[in-house]
Amino acid sequence: MTAFLSLAVALSACMLGAAVALTAARMLRGPGIADRAVAMDLLGLLAVAGTGMMALGTGHVALLDIALGLGLVGFVGAVGVASFIERTAREERADG
Amino acid sequence: MAELLAALLLLAGSAVALIAAIGVFRLPDAFLRMHAATKAGVVGASLVLLGAALAFGGGEVWVRVALIVAFLLATVPVSSHALARAAYVGGAPMWGGTATDQLRGVLARHAPEEAPSGGARPAAAGAPRAAGRRALLVLTGGPEEAPALVAALRALRGEVAEATLLSLLPRGPRERSGPVPFGGAYWTPQLAEHRIAAAREAAGQLAATLQEECAALGIPWRIRHEEGDADRLLAQAAARHDLVILGRALWLAQAEATGTEPAFAAPGMLLALPGMAPPGRVLFLHEGDGASAEALARFLDLGLAAGARLVLAAPALPGAEAALAEAVALAAARGRAAEALPTPIGAEPPSSAAFDLVVLPARAGRARAVHLALLRGPAPVLLA
């Protein structure tokens, strides 16, 4: 690996780390469940990007399979949270 | 060469992902945050993965990366649509600057911040107006606002079907206080907390007084407490009510604090005064322009004080008499007896001393001086 590529990996790790910190801050702050769900969605995408970056940095191709799995889990998680929010809202409305 | 390109793609992807995170952190509501998270998030992750594929080379890696990117492109729009729909149905607040809501009336929207807490259950959202008027009482000023609000509730007895007591505590983002004296880093937040606690307690006392009043009058009530950008929160709450009742002293004080134009003047706002009587004689100021005609139509739609005697006054302006005649005809068409009170050129402008309620267009039009004088006159004011 050239020096340029390893520098790029280090820089990209810093940027992705900052992105994760900002997203986590939004997740902690909320204020609503929808905001947290959006932050969780983005965290999944950032995990995919981070795994790709790690695959590049370490040279392990197998990490790309993990990225695929993370993408799948993120999708299922987001849809699950969405249906939870919607069902809660509908039940509360039905209660009055 | 391939490694250089891979490094550039990696950096570009990380930068886009960082921009997505900044968007999620900084944008004002859940829907706008979603806009940043999904689009920029997918592009960022895809660019990073393409960079990895380019660096590794080889058909197997390319297939895998193409699979992941295709998968992200297929699933993220689906999950973000599901989330956006759930957020809308769940009543996630919208940014005050949102111009259009195309789902209004299409999807039922839950209002989670309104917790029913007393009396009869309020009518379901979207119930027809015939069910009665929903009033929002703004409890910002503390106990000294109580006489005006109680008087308004008593005066409108039978006209208000349900009341929401909203205590609003204006709070901006935490201010940077600059260099502080010795020990100030401890005392400054402490004092701020103390001030906020005192304001909460004042709002609570006022809310207790009004709860008792609502119970005595048989008006179902519920209570809400909000802290944040007061103008935005008030505008959001007002949109769900027909009538916004607040003390006139408080409103005028805020108008003076923010300049000559009141910070928030919307149709359906009642500026209450202590000693307010049930409206028997109502004065409507018609400024002889289109805005006044619309305000009159809104006031007639609201149907407040239907049994009262409606007097339509116009200031001494050219063309006012013709507009007045039209307005009287409009009121008659809605089944309201009204009489015109034109002011001849050079005469004194109409005074509100003999009236129980003054109805003004929400924004001063041609007759600004008369409008402002009536706003501060002896009678309570309804903005229409």
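This is a predicted model: local features need pLDDT of at least 70, side-chain atom pairs count only at pLDDT 80 or more; totals for chains, interfaces and linings use all residues.
**Exercise 1. Describe the make-up of chain A, and state what share of its residues is buried.**

Step 1. Chain A holds 3 helices and 0 strands. Along the sequence the pattern is α-α-α.

Step 2. Of its 96 residues, 44% count as buried.

Step 3. Among contacts in chain A with a separation of 6 or more, 52% come from residues 24 or more positions apart.

**Exercise 2. Repeat the description for chain B: how many helices and strands are there?**

Step 1. The secondary structure of chain B amounts to 10 helices and 10 strands.

Step 2. Chain B has 384 residues, and buried ones make up 42% of them.

Step 3. For contacts in chain B between residues at least 6 apart in sequence, 77% join residues at least 24 apart.

**Exercise 3. Determine how α1(A) and α2(A) are oriented to one another, and which residues make their contact.**

Step 1. Helix α1 of chain A covers residues 3-29; its axis lies 9 Å from that of α2(A), and the packing angle is about 165°.

Step 2. An angle over 145 degrees counts as roughly antiparallel, so α1(A) is roughly antiparallel to α2(A).

Step 3. The crossing of the two helices is left-handed.

Step 4. From α1(A) the contact includes A:Val9, A:Ala13, A:Leu16, A:Val20 and A:Met27. From α2(A) it includes A:Leu42, A:Leu43, A:Leu46, A:Met53 and A:Leu56.

Step 5. By class, the residues of this contact are 14 nonpolar, 4 polar and 3 charged.

**Exercise 4. Check the length of helix α3(A) against its residue count, then state what covers its buried residues.**

Step 1. Helix α3 of chain A runs over residues 63-95, which is 33 residues.

Step 2. The expected span uses one less than the number of residues. At 1.5 Å a residue, α3(A) should therefore span 48 Å.

Step 3. The end C-alpha atoms of α3(A) are 48 Å apart, in agreement with that span.

Step 4. Buried residues of α3(A) include A:Leu64, A:Ala67, A:Leu70, A:Gly71, A:Gly74, A:Phe75, A:Ala78, A:Val81, A:Ala82, A:Ile85 and A:Ala89. A:Glu86 is also one of them.

Step 5. An α-helix has 3.6 residues a turn, so residues three or four places apart point the same way.

Step 6. The cover over the buried residues of α3(A) includes α2 (33-58) of chain A, and also α2 and α3 of chain B.

**Exercise 5. Characterise the contact between the chains from the side of chain B.**

Step 1. The contact draws 53 residues from chain B and 47 residues from chain A.

Step 2. On the chain B side, the elements giving two or more residues are α1 (2-26), α2 (30-56) and α3 (59-89).

Step 3. The residues on that side are 37 nonpolar, 11 polar and 5 charged.

**Exercise 6. Is B:Pro380 buried or exposed, and where is it placed?**

Step 1. B:Pro380 sits in the loop between α10 (368-375) and β10 (381-383) of chain B.

Step 2. A residue is buried at 20 or more C-beta neighbours within 10 Å. B:Pro380 has 26 inside 10 Å, so B:Pro380 counts as buried.

Step 3. Not counting residues up to four places away in sequence, B:Pro380 touches B:Arg248, B:Leu270, B:Leu271, B:Ala272, B:Leu273, B:Met276 and B:Leu357.

**Exercise 7. Do likewise for B:Val370.**

Step 1. B:Val370 belongs to helix α10 of chain B.

Step 2. Its 23 C-beta neighbours inside 10 Å make B:Val370 buried.

Step 3. Leaving aside neighbours within four places in sequence, B:Val370 contacts B:Leu285, B:Pro315 and B:Pro349. B:Pro349 is 21 residues away along the chain, with a C-alpha separation of 6.6 Å from B:Val370.

Methods: Residues are numbered from 1 along each chain as its sequence is written. Chains are lettered from A and ligands numbered from 1 in the order in which they are written. Two residues are in contact if their C-beta atoms, placed from the backbone, lie within 7 Å. Helices (H or I, at least four residues) and strands (E, at least two) are DSSP runs, numbered from the N terminus. Ala, Val, Leu, Ile, Met, Phe, Trp, Tyr, Cys and Pro count as nonpolar, Asp, Glu, Lys and Arg as charged, and the others, Gly among them, as polar. A residue is buried if 20 or more other C-beta atoms lie within 10 Å of its own, exposed if 12 or fewer, and partly exposed in between; C-beta atoms are placed from the backbone. Axes are lines fitted to C-alpha atoms, for helices over the stretch in contact, and angles run from 0 to 180 degrees between N-to-C directions. Angles under 35 degrees count as roughly parallel, over 145 as roughly antiparallel, 65 to 115 as roughly perpendicular and the rest as oblique. A crossing is left-handed if the near helix is turned anticlockwise from the far one by less than a right angle, and right-handed if clockwise.
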